[in-house]
Amino acid sequence: MKILGIESSCDETAVSVVEDGRKVLSNVIASSLEEHILYGGVVPEIASRRHAECIEQVTKQALKDAGCELADIDAIAVTAAPGLIGALLVGVNFAKGLSLSSGIPLVPVHHLRSHIAANYVTHPDLEPPFLALVASGGHSHIVEVRSPTEYKVIGQTRDDAAGECMDKTARVLGLPYPGGKNMDAVSQNGNPHAFETPRPHVDGSPYDFSFSGLKTYVINTVHHMEQKGEAPNVEDMGATIITAVVDSLADNTERAAKDLGYDTIVLAGGVSANSFLRKRFEEICEKNHWTLYMPELQYCGDNGAMVAAQGYYEYIAGHRAGLDLNAKATMAIDAEF
Ligand code: KG4
Ligand code: ZN
């Protein structure tokens with residue numbers, strides 16, 4: 001079964017054809033990242049305009065690369081929530097038009113579900129149940145994945161997401177957008193103990209996260225140093241911040257896996273590309289004799305293949321959308337469209 005996956009929730013216009021939820025036949029991505037770098041972050045209006053300009057061409061290319069015609073496609077899967085509303089609407093409306101004109105069923109896909117599904121295309125052997133850590137620019141969740149379409153949220157952030165925390169602190173340190181990725185690159189040889197940061201935790205909620213205190217810590221530290229005519233060592237500060245974020249993500253996930261009895265751990269979302277995080281989870285899983293699955297780097301960030309992969313499982317679970325499908329800026333991972 002061939003699924004066309006359409007993703008436009010942030011700054012990537014991405015379309016892919018995936019067979020049976022596992023085999024990527026094509027994966028085309030057009031990004032407006034370069035333009036957002038000028039502003040230090042994603043400008044929603046620019047992202048929406050670029051999606052509208054290129055979504056048709058990206059879709060044609062994805063079909064061509066897969067050696068398909070639209071008529072060969074069994075379902076059209078589209079990211080419908082959560083994300084930037086204007087950006088999501090471009091993908092959703094395009095997918096609705098394609099479905100109406102072709103008669104091919106339309107399947108709505110939740111963005112975080114699709115990030116988890118990035119692991120299905122990387123690891124054809126992976127099957128639920130497993131415990132997933134989903135860390136992106138907008139979310140930090142620990143989720144029990146009971147089947148490909150059944151989830152239970154165990155922990156989540158009370159304020160900033162892990163990616164957001166790294167993007168914002170990187171900006172304070174003068175690193176260009178996308179901060180998380182650039183901070184990872186410059187911090188490789190930094191001293192992770194150079195600064196004493198707050199250790200974020202949420203009283204009474206052992207699996208929840210709180211990252212906004214780290215951001216405040218960096219702003220205050222840099223400000224105090226500047227007043228004395230000093231500047232922080234970006235390499236050391238970067239390594240310290242990443243380590244504090246990774247400590248929190250790793251400790252809570254390890255605790256949840258032990259408490260709930262999971263021995264299969266899955267990483268997902270843009271932050272799963274982080275080299276410190278990947279290394280830490282390799283150590284934890286080796287120590288506990290757990291099996292670790294991480295997406296291939298090209299599938300960590302937003303892409304159409306993960307949407308098509310999740311779309312396959314939503315389709316066989318009987319999930320469909322009509323022409324009244326609307327995009328939503330926020331939506332829980334265990335809610336249905
Ligand atoms: O999943 P994603 O591409 O988009 C959202 O759904 O938000 O995640 C983007 C986030 C950004 O915050 C970005 O800085 C972060 O993932 N990210 C990283 C790395 N690569 C991307 N954060 C830390 N280290 C990285 N190597
Ligand atoms: Zn994402």
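**View 1. Ring pairs join Tyr-120, Phe-130, Tyr-312 and Tyr-313 into a cluster.** This is a predicted model, in which local features need pLDDT of at least 70 and side-chain atom pairs count only at pLDDT 80 or more, while totals for chains, interfaces and linings use all residues. Residues are numbered from 1 along each chain as its sequence is written, ligands are numbered from 1 in the order in which they are written, and side-chain values use heavy atoms, with hydrogens and water left out. Rings of Phe, Tyr and Trp (its six-membered ring) pair if their centres lie within 6.5 Å; planes under 30 degrees apart are stacked, over 60 edge-to-face, and the rest tilted. The structure holds 4 aromatic pairs. In one of them, Tyr-120 and Phe-130 have ring centres 6.4 Å apart and planes at 65°, so this pair is edge-to-face. Tyr-120 sits in helix α4 and Phe-130 in strand β6 (residues 130-135), so the pair ties together parts that are 10 residues apart in sequence. Helices (H or I, at least four residues) and strands (E, at least two) are DSSP runs, numbered from the N terminus. Tyr-120 is buried at 1% relative accessible area, and Phe-130 is buried at 0%. Here buried means under 20% relative accessible area (1.4 Å probe, protein chains only).

**View 2. Phe-209 and Phe-211 form a stacked aromatic pair.** Their rings are 5.7 Å centre to centre, with 15° between the planes. Phe-209 counts as buried at 0% relative accessibility, and Phe-211 is buried with a relative accessible area of 0%.

**View 3. His-111, His-115 and Asp-302 coordinate the zinc ion (ligand 2).** The donor atoms, NE2 of each histidine and OD of Asp-302, lie at 2.0 to 2.1 Å. Donors are N, O and S atoms within 2.8 Å of the metal (3.2 Å for Na, K and Ca); water is not among the atoms, so sites may look incomplete. Along the sequence, the donor spacing reads H-x3-H-x186-D. His-115 belongs to helix α4 and Asp-302 to the loop between β10 (291-293) and α10 (304-316), so the two tie together parts 187 residues apart in sequence. His-115 is buried, at 2% relative accessible area, as is Asp-302, at 14%.

**View 4. Asp-184, Gly-270 and Asn-274 meet ligand 1 through polar atoms.** A polar side-chain atom of Asp-184 lies 2.9 Å from a ligand nitrogen. A side-chain N or O atom of Asn-274 is 2.9 Å from a nitrogen atom of ligand 1, and a polar backbone atom of Gly-270 is 3.0 Å from a ligand oxygen.

Key:
Polar contact = N/O pair within 3.5 Å; in protein donor to acceptor, adjacent residues only side chain to side chain. Buried < 20%, exposed > 50% of the residue type's maximum accessible area, 1.4 Å probe, protein only.
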